[in-house]
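Biologist: I would like to learn how to read a few features of a protein model with care. Could we take them one at a time?

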Amino acid sequence: MNLYATILIEFLLTSLSILFLFKFRKRLGLAPLYILLGSVQYLQALSVTMVSFKVFGDVIIYPGSVIVFSAVLFAVLLIYIKEGVASARALIIGIIISNFILSALFGITYVHEQAAQTMNYVDSSSVFLINYKYFITGTLILLVDFILLVIIYQALISKIGRRHFFLVLFISLFSVLIFDALAFNAILRYDAPDFKTSLISHLIGKSISAFVFSVLLYCYLKYIDKEKDNATFIANQSRDTFSIVKYKKKYEDLKVEKNQVEKRLVSQIESTLNHISDGFISLDTNWCYTYVNKKAAGFIGRSPESLIGKNIWTEFPEGVGSKFYRIYHKAFDTQETIYFEEYYEPLDKWFENRVYPSSEGITIYFTDITNQKKADLSLKESENHLRTILETEPECIKQLNSKGELIYMNPAGLAMIEAENLAMIKGKSVINLISPEYQFAFNKLIKNIFNGDSGMLVFEIIGLKGTQRWLETHAVPLKDDNGTIISLLAITRDITEQKKAQKEIEEMQQKIEAAIRIGKIGHWSWDIKTDEVFWSDLMYTIYDVDKDTKLNYNSVLSRVHPDDRDFHNKITEDRIKNKNNASFEYRVLWRDKTVKHVMVQMEVVRDEAANAIKFQGTVIDITERKEAEEKIKSSETYLENIINNIGDPVFVKDSQSRMILVNDALCSIFNMSRTDIIGKTLADNVPKEERERFLSNDKHVILTGEENITEETLSLNQKDIRTISTKKTRFIDKAGNKFLIGVIRDITARKKAEKEILALGKRNTLIIETLLDGFLLADTTGKILDANPSYVNMIGYTLDELLTMNINQLEVALNQTEIEERIKEMVRKGFARFNTNHKKKNGEILDLEVNTFTMQVNEQFVVAAFMKDITESIKVEIELEKHRNNLEELVKIRTEEVDLKNAELQRMNKLFVGRELRMKELKNIIKEMQLKKNS
């Protein structure tokens with residue numbers, strides 16, 4: 001192995017051994033370290049000249065001696081810094097004494113060895129032969145080194161401080177090692193021929209050693225030793241620079257100071273113990289009081305002076321055999337600290353006790369927790385009430401953390417997501433249960449809640465068993481006592497049936513009434529003082545009035561049906577007088593005598609004197625249905641406010657059916673304040689038959705404990721009759737008192753919707769089934785979705801066959817691409833009208849006249865087509881066309897014949913006319929001749 005590597009290893013092994021033993025001094029004590037330092041003295045004496053190497057030509061370095069000697073100084077400085085003057089002084093004295101003892105033992109052992117060799121006629125070198133001059137002189141110089149090291153370090157740390165701590169360490173070690181090199185060579189080797197070489201080698205070796213050990217000591221003190229406070233104290237304390245040699249007087253002063261400090265500490269401890277909120281007593285091994293603070297004396301009703309020195313079990317004999325007695329004895333016997341809470345019947349109080357044993361007795365801290373215990377019991381009972389309500393609530397109640405992981409969910413919620421118990425889903429994210437298209441919105445809702453907002457979301461989930469449900473959730477932030485948001489609290493209801501009902505209504509309306517235009521809402525206002533009327537653009541269309549018409553009350557009244565004008569005037573006067581904003585209906589007469597029905601919703605604007613100054617409102621066509629959906633916005637807070645934020649009415653009754661707890665929703669449904677409801681049965685607020693039914697169900701649940709769910713009517717007055725679903729559950733508290741917990745759900749709208757859906761479905765089905773024309777429903781690719789019996793009869797395919805087909809399989813002239821292009825054009829325009837040809841199942845060609853319109857179903861466009869069979873009409877038109885062509889040909893032939901006849905007649909006519917002229921001329925000639933003859 002390389003020489004320099006071995007030197008480095010020796011450096012590390014020596015220093016790390018010292019640091020290791022010092023680090024674990026609390027477990028091992030300082031004895032192992034002292035033994036190690038004593039043993040290395042022999043190593044130093046033995047290896048003075050055994051190992052060496054040359055540098056700079058003839059300069060000889062003895063690394064073993066330098067490292068071991070420097071390590072001893074390194075250890076002394078470490079102990080002085082960390083353990084103080086006394087420990088350092090003890091170490092120095094121990095090393096010096098051990099060196100002298102070691103030299104004596106070496107001498108005695110060497111004499112024994114020489115005597116043995118003489119008797120056995122053996123001659124060999126001895127390891128016990130040392131240079132006593134060198135060894136003893138070196139020991140004395142070492143003593144000076146120790147003292148000088150401590151003095152230099154203390155002087156530097158007092159002046160420089162810890163800011164340049166490494167520099168302090170290096171200068172201290174370097175100065176002492178250089179001094180040692182000079183002193184050793186000057187005293188022992190001054191007259192030697194190699195004095196100069198020896199001095200240089202010592203200076204070089206010890207300079208390097210000073211630097212290395214300074215680095216190691218600095219790193220240990222700064223980065224490894226964890227007792228930073230102690231190190232800082234030792235290093236920075238204001239010691240006398242020469243404290244290493246002057247200590248007796250200071251020791252006496254410290255002893256006096258210690259006694260004074262102890263007295264002050266005892267006084268401070270007694271003052272502290274008398275002002276703490278806990279009771280504090282100490283007992284000796286004979287169970288006699290040695291200390292009782294004021295709080296403990298107050299708890300047990302005695303003065304401290306009356307208890308000191310007396311036996312606890314003599315003063316309080318009723319405690320013998322109690323849990324306190326057993327635990328106190330157990331703590332003393334086992335010497336283990338014990339913590340427990342227990343009720344002490346003689347004082348009628350609960351105490352929290354901490355028992356600390358020792359060999360001199362036991363010390364007991366105890367606190368009166370009676371009020372806390374009572375509060376805990378009250379809180380537990382309240383939590384049981386609330387838990388029962390949550391468990392019986394038919395809506396889902398849940399808590400989520402900021403990552404969407406489930407903290408709590410009641411049984412109704414677990415049923416919604418198809419979880420058998422809370423353990424299946426607790427701590428897991430609910431985001432994966434939400435349909436992908438709603439996951440972003442749900443994450444945004446969580447973020448908003450943890451930012452302090454509330455929110456509502458309608459979304460779709462897929463349960464653990466694959467069931468799809470539509471849910472509506474209302475969420476608020478849940479805060480702790482400091483106002484910090486700790487979770488999301490939400491009430492979620494299953495609106496799947498409502499969604500289905502809405503979907504069925506929409507689909508039926510879209511299939512049959514898709515072509516009916518839904519009228520937009522018109523807005524208006526009337527300034528009563530100026531008689532100025534403002535209309536939105538749609539109002540002019542609704543009332544059939546030109547936009548340039550000047551509007552006032554009379555001009556508007558002129559558009560009201562004559563038979564309704566008196567009614568309109570009375571309504572207007574009533575609104576002004578009685579501040580009534582209820583909607584009303586009347587008829588509008590258009591200029592072409594068309595009668596329109598409108599519904600007016602309005603409000604009256606008043607000035608500071610409560611005078612009506614303005615009407616404003618809306619007008620809509622009364623045929624347009626309004627779908628009302630009750631939205632319950634819950635703003636719950638955990639424990640105290642959650643019940644009042646449950647949308648459904650919730651109540652708790654005693655065994656006599658008297659209300660003892662109700663939420664705001666129940667107060668609202670009965671239109672009564674909580675004060676008017678609590679303590680009453682509300683039997684007088686409903687008809688007799690309903691009252692008897694309600695009370696009978698209450699009694700049955702209270703007696704049997706069987707859960708009861710009933711759909712029934714609730715008549716709040718002659719007009720307000722509702723259909724409700726009531727769930728009732730029995731709860732028994734710890735005292736055996738029976739209570740009835742109930743939740744009411746108003747299902748009037750649902751029942752009404754079910755009836756409307758049923759009636760609408762029957763009507764629409766009847767209309768479709770009885771249409772004479774064919775009806776076809778297809779998606780944007782041409783896939784057939786539905787067809788009525790008339791079209792089935794026309795085409796020859798069954799309905800099941802058609803539902804597997806595409807329109808391109810029926811079309812004669814168009815291919816798939818052309819069909820899709822035509823459908824896109826229909827979607828763009830919203831309607832189309834054209835003639836086409838479909839091929840029947842038997843191969844015949846069917847001529848059709850098609851009227852189509854498009855509509856949206858589940859956010860997808862579909863095409864509805866009404867088709868009329870015009871095959872026979874086209875055949876008749878073809879026959880008529882043939883007859884028309886034949887007739888035209890016949891007319892043409894007859895016309896030509898007539899033209900020939902006419903030409904002949906004209907020729908004959910010309911002949912006849914010429915002959916007549918000639919006859920006339922002859923007659924004139926003859927007449928002239930006769931006149932001439934007669935003359």
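**Surface patch and buried charge**

Modeller: Met919, Leu922, Ile925, Ile926 and Met929 make a nonpolar surface patch of about 480 Å². This is a predicted model, in which local features need pLDDT of at least 70 and side-chain atom pairs count only at pLDDT 80 or more, while totals for chains, interfaces and linings use all residues. Residues are numbered from 1 along each chain as its sequence is written, and side-chain values use heavy atoms, with hydrogens and water left out.

Biologist: What are patches made of?

Modeller: Patches take residues with over 30% relative accessible area and no salt bridge, joining like charges within 9 Å and nonpolar side chains (Val, Leu, Ile, Met, Phe, Trp, Tyr) within 5 Å; a salt bridge is a side-chain nitrogen of Lys or Arg within 4 Å of a carboxyl oxygen of Asp or Glu. Leu922 has a relative accessible area of 45%, and its place is in helix 28, residues 871-934.

Biologist: Is Glu460 buried or exposed?

Modeller: Buried means under 20% relative accessible area, exposed over 50%, and partly exposed in between, with a 1.4 Å probe and protein chains only. Glu460 is buried yet has no salt bridge, and the nearest side chain of opposite charge, Lys503, is 8.4 Å away.

Biologist: Where is Glu460 placed, and which residues is Glu460 in contact with, leaving aside neighbours within four places in sequence?

Modeller: Glu460 lies in strand 10, residues 455-462. Contact means heavy atoms within 4.5 Å, and beyond those neighbours within four places in sequence Glu460 is in contact with Ile434, Ser435, Glu437, Tyr438, Gln468, Arg469 and Trp470.

Definitions and conventions
Helices (H or I, at least four residues) and strands (E, at least two) are DSSP runs, numbered from the N terminus. Lys and Arg count as positive and Asp and Glu as negative; His and the chain ends are not counted. Accessible areas come from the Shrake-Rupley method with a 1.4 Å probe; for residues, only the protein chains shown count as cover.
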